[in-house]
Amino acid sequence: MAPITVKIKHAGKVQDVQLDPDLPPAVFKDAVYQITGVPPDRMKVMIKGGILKDDTDWRKVAPKAGQTFMVIGAAGELPKPPSTPIQFLEDMDDTSLAQALSLPVGLVNLGNTCYMNATLQAMRAIPELQTALEHSAPPGLPMALRNLYTDMTKTTDSITPSAFLAALRHAFPQFAEQTRATSIKALLVGGYAQQDAEECWVQMTNALKEVQGLPGPSSGSANAKFVEHFMTGELRRVLKCDEAPEEPESVAIEKVLKISCNISNAVNYMQQGIMEALDGKIEKQSPTLGREAVYSSTQRLSRLPAYLTVHMVRFAWKRDIGKKAKIMRRVKFPTEYDALDIATDELKEKLLPVSRKLKVFEKERAERRKVRKRTKAAQPAKDKEGDVQMSDASAPAASSSTAEPTAEAEAAEGDKGKAVAGAELEDESVYRAKEGAELDALVPADIKADIGSSTTGQYELVAIVTHKGAEADAGHYIGFVKKSALPAANAGAGAGVLDEDDEDWYKFDDDKVSIFPAEKLETLSGGGQDASAYVLLYRTRPLV
């Protein structure tokens, strides 16, 4: 249908306005706004049988040229032209796009350095590390990391991590290795070889071992180190001889920076792979039998750190091709992980009461969030002046439908909404304070004293490093970080305010940063040459 000219009547004035029946009513309302100054969210356009809705079908209204529509609503300030020209997302460069979408900054690839970039982004999911670096950054790699993370909070432009790369290669010359590729293109171009992101993660963590713990009373002794407290677990290994039951068990304690997830043909889930790595059979000299014998090896964590790193062992040496190859098998990983299944019986007994109670509270918190959403949706929306906005009517209205609602009626409706919202729930901080006190009473004294350890045994996934490709010495690494794990203060100058219910992630593909929906995380489980989870970082759930 062709556009027609209709009339609108507002505040005693009648004016002409264009109406295009092929466009949605929202376009017509905006045209009315340009003339009357009545914002669309406070505007009521009266039509036969009710009020014009944004999804009203113009064919049912059947407007005619010259027809008069009554417009009700208080006019505000007339719209002003934008101070800067309107720019569409598809016309923006990467920097403008990052600012518009409130994205954290990316890192420029300096030539096969995606392994480093992905690792650096994943480690930013440990805000306590950045705090520790601000107070104690020994010369070398720790200081370079502190400077890089600081720079990343001050800009919306991608960062070129040249200084950190130089420090990394100086500390660990293996990352300065030249490419061994024999293709014509590689020989002509030359450059540095692709490296393993998991090896980069381990070496960076080792280099950070001299960083002091967090400042303040919680830091413990003056010699407390951050990595030892927050990222190091203790693994208790028990060896028992299968062929000589009378032989005493041997027990050893080892400090570990990660746990491995082996990937065999029988492994479909991360927990299965972890148990395969923890338990097994070995052969060694038996003092009782005086010969080689089979031993059962059982390993469990006697200390759970605040940050638990899981290494998906996706690369294995292939004798037939003489190099490491990728294990493509799909292995599902959880976003919430109960680590009590891999804890010693002693530690499990200590953490089980608080762990069970936390799970109960988590369910209650989820229910409260649902109630608040329903209550908010049920309340009448309000404009900036505090007036309740009138809902659009789709059903036939009463004979007085053309009359503007009184201010008293609007105020009464607003008070009703407030009463409903206030009667159901208290402020969330009230519940959290009570829950925190109850949970704290369940934590054993020695666990409380162990700064940087998990007090619950419950974890949530906050960062992932993935590998894309079929070979260990090639392919591409990408970092993923949960949005809630990057507070605005650390995410960067462009990062916006976080929504508590926002479960989405950031995808860091070198200098290209984008939003990654939470429901797509399962696509990172593997099963082909596409991006597969390689290093996973889990953060312990806090008491509140």
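Reply: Strand S16 is joined to strand S17 (residues 505-509) by four bridges, and the two run antiparallel, where strands are DSSP runs of E with at least two residues, numbered from the N terminus, and two strands pair if DSSP finds at least two bridges between them. Within this pairing, Lys482 stands opposite Trp505 in S17. S16 also pairs with strand S15 (residues 458-468), again antiparallel, through six bridges, and here His467 is the residue opposite Tyr477 in S16. Because six of the seven residues of S16 (residues 476-482) are buried, the strand is largely enclosed by the rest of the structure; buried means under 20% relative accessible area, with a 1.4 Å probe and protein chains only, while exposed means over 50% and partly exposed lies in between.

This is a predicted model, in which local features need pLDDT of at least 70 and side-chain atom pairs count only at pLDDT 80 or more, whereas totals for chains, interfaces and linings use all residues. Residues are numbered from 1 along each chain as its sequence is written, and side-chain values use heavy atoms, with hydrogens and water left out.

For the chain as a whole, 42% of the 544 residues count as buried, and there are 16 helices (DSSP runs of H or I, at least four residues) and 19 strands. Of the contacts (heavy atoms within 4.5 Å) with a separation of 6 or more, 70% are between residues 24 or more positions apart.
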